[in-house]
Amino acid sequence: MRVGMLTSGGDCQALNATMRGVAKSLYKMFDNVEIIGFEDGYKGLIYADYRMMKSSDFSGILTRGGTLLGTSRQPFKLMRVPDEYGLDKVESMKHTYRKLRLDCLVVLGGNGSQKTANLLFEEGLNVVSLPKTIDNDLWGTDMTFGFQSAVNIATNAIDCIHTTAASHGRVFIVEVMGHKVGWLTLHAGMAGGADIILIPEIPYDMDVVVNAINERTKRGSRFSILAVAEGAISKEDASLSKKELKEKKKNGMVYPSVAYEIGAMITEKTGQEVRVTVPGHTQRGGEPCPYDRVLSTRLGAEAARLIKAKKFGHMVAVKNNEITSVPLSEVAGKLKTVDPDGSIIKQAKMIGISFGDK
Ligand code: F6P
């Protein structure tokens, strides 16, 4: 049994823990297993940059963040575009797979990586994939590994801001990762007791945000905390077409990110002092939390079971707290977004959290 393995796209906690789960299960299931690790994601598969792994490589890595194989972003939309030397990347990946006589390719990746995994399956390779991302935006799974660890870090940032915000009586904005979806901001915001949460799925009205801050001030609160997703968007911007928005940003881009823009508007409209904190890539760093260690171990074991059962073209997944799998063809190209009318939003609103919408 020869299995290729790669980690692709932005990293997250528990990539190593997941590979350990797959490898340990494979070594137990088969008498003779060889695992080949591709360096830096699909790049390693395209350019045949790989190494033979030893079972000892998968020991002592349960708690280690990052990825021992390295990773890179290889956009799906460029997969069919030849590289600078005219190399056909898809053909090249198929060639590497065949030359190495692989029985299966294991892909740990997020949205774009799952699309490429599906493409390779459609091209005839045996592929099994695992759901990685701090964004928790993969369709077909209730949970991705990395998400809970990132929630812990973003929550910790908000917790720390709470004490200093209270001392100074300021408005603080914590910008949380997530350009397209707001799961991380929503969970960290609720866990950290944010007063206002702004996510891409619920376009905000600046007057409503300002009103929520003024109301708190009137009630005697010395400070307000906003958890703002990287992709938070105003109602006006949300009504523009993609092209119009791009044009607007190109011409009027004066702030480093949305949190700074919102901060400037709050100061202008309330006269309050505002500070912005961007935890950035710390949210993807450090060791996986215990939840992610358990999740990735379970997902890894299930991926090995799929390989043994020759059930290829699937991504392992979580559904209703059970580990299962979904066809890659169903996952590819779909995002799991926050439902603005979902129960978690309703409950957050019931306790007084403002989403800037009404
Ligand atoms: O998809 C994971 C993620 O961390 C997003 O939350 C974030 O917007 C993006 O990656 C950052 O990408 P990069 O590491 O390429 O700057």
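Modeller: Let's begin with a salt bridge. Lysine 218 pairs with glutamate 215, and their closest N and O atoms are 3.2 Å apart. Keep in mind that this is a predicted model.

Colleague: Where do lysine 218 and glutamate 215 lie?
Modeller: Both are in helix α7, residues 206-218. They are three residues apart, about one turn of the helix.

Colleague: And lysine 218, buried or exposed?
Modeller: Lysine 218 counts as exposed because its relative accessibility is 66%, and the cut-off for exposed is over 50%. Glutamate 215 is partly exposed, at 31% relative accessible area.

Colleague: How many salt bridges does the count come to?
Modeller: The count comes to 17. One of them joins the side chains of lysine 319 and aspartate 142, at 3.4 Å from N to O. That pair links distant parts of the chain, 177 residues apart. Lysine 319 sits in strand β10, while aspartate 142 is in the loop between β5 (127-131) and α5.

Colleague: What about the accessibility of those two?
Modeller: Lysine 319 has a relative accessible area of 36%, so it is partly exposed. Aspartate 142 is partly exposed too, at 33%.

Colleague: Which side chain meets aspartate 357 in a salt bridge?
Modeller: Lysine 349, with 2.8 Å from N to O. Aspartate 357 counts as buried because its relative accessibility is 15%, and buried means under 20%. Lysine 349 is partly exposed, at 30%. Elsewhere, salt bridges that share partners join Arg80, Glu91, Lys94 and Glu123 into one network.

Colleague: New topic. Which residues surround the ligand?
Modeller: Arg73, Ile134, Asp135, Met177, Gly178, His179, Glu230, His281 and Arg284.

Colleague: How much of the ligand's accessible area does the protein cover?
Modeller: 71% of the 400 Å² that the ligand has on its own.

Colleague: Back to strand β10. What else is in there?
Modeller: Histidine 314 is in β10, which spans residues 314-319. Histidine 314 counts as buried because its relative accessibility is 15%. A polar atom of its side chain lies 3.1 Å from the backbone oxygen of phenylalanine 312.

Colleague: What does histidine 314 contact, leaving aside its neighbours within four places in sequence?
Modeller: Val127, Val128, Ser129, Leu306, Ser325, Val326, Pro327 and Leu328.

Colleague: Now α6. Which of its residues are buried?
Modeller: The helix runs over residues 183-191, and the buried ones are Trp183, Leu184, Thr185, Leu186, Ala188 and Gly189. Their cover includes α5 (147-168), β6 (171-176), β7 (196-198), β8 (224-229) and α13 (343-350).

Colleague: What follows α6?
Modeller: Glycine 193, whose phi is positive, near 70°.

Colleague: Last one. Which residues make the nonpolar surface patch of about 350 Å²?
Modeller: Val254, Tyr255, Tyr260 and Val278. Tyrosine 260 belongs to helix α10, residues 258-270. With 33% relative accessibility, tyrosine 260 counts as partly exposed.

Key
Residues numbered from 1 in each chain as written. Predicted model: local features only at pLDDT ≥ 70, side-chain atom pairs only at ≥ 80, totals over all residues. Heavy atoms only, no water. Helix = DSSP H or I, 4+ residues; strand = E, 2+ residues; numbered from the N terminus. Buried < 20%, exposed > 50% of the residue type's maximum accessible area, 1.4 Å probe, protein only. Polar contact = N/O pair within 3.5 Å; in protein donor to acceptor, adjacent residues only side chain to side chain. Contact = heavy atoms within 4.5 Å. Patch = residues over 30% accessible without salt bridge, like charges linked within 9 Å, V, L, I, M, F, W, Y side chains within 5 Å. Areas by Shrake-Rupley, 256 points an atom, 1.4 Å probe, with all protein chains shown as cover. Salt bridge = Lys/Arg side-chain N within 4 Å of Asp/Glu carboxyl O. Near = heavy atom within 4 Å.
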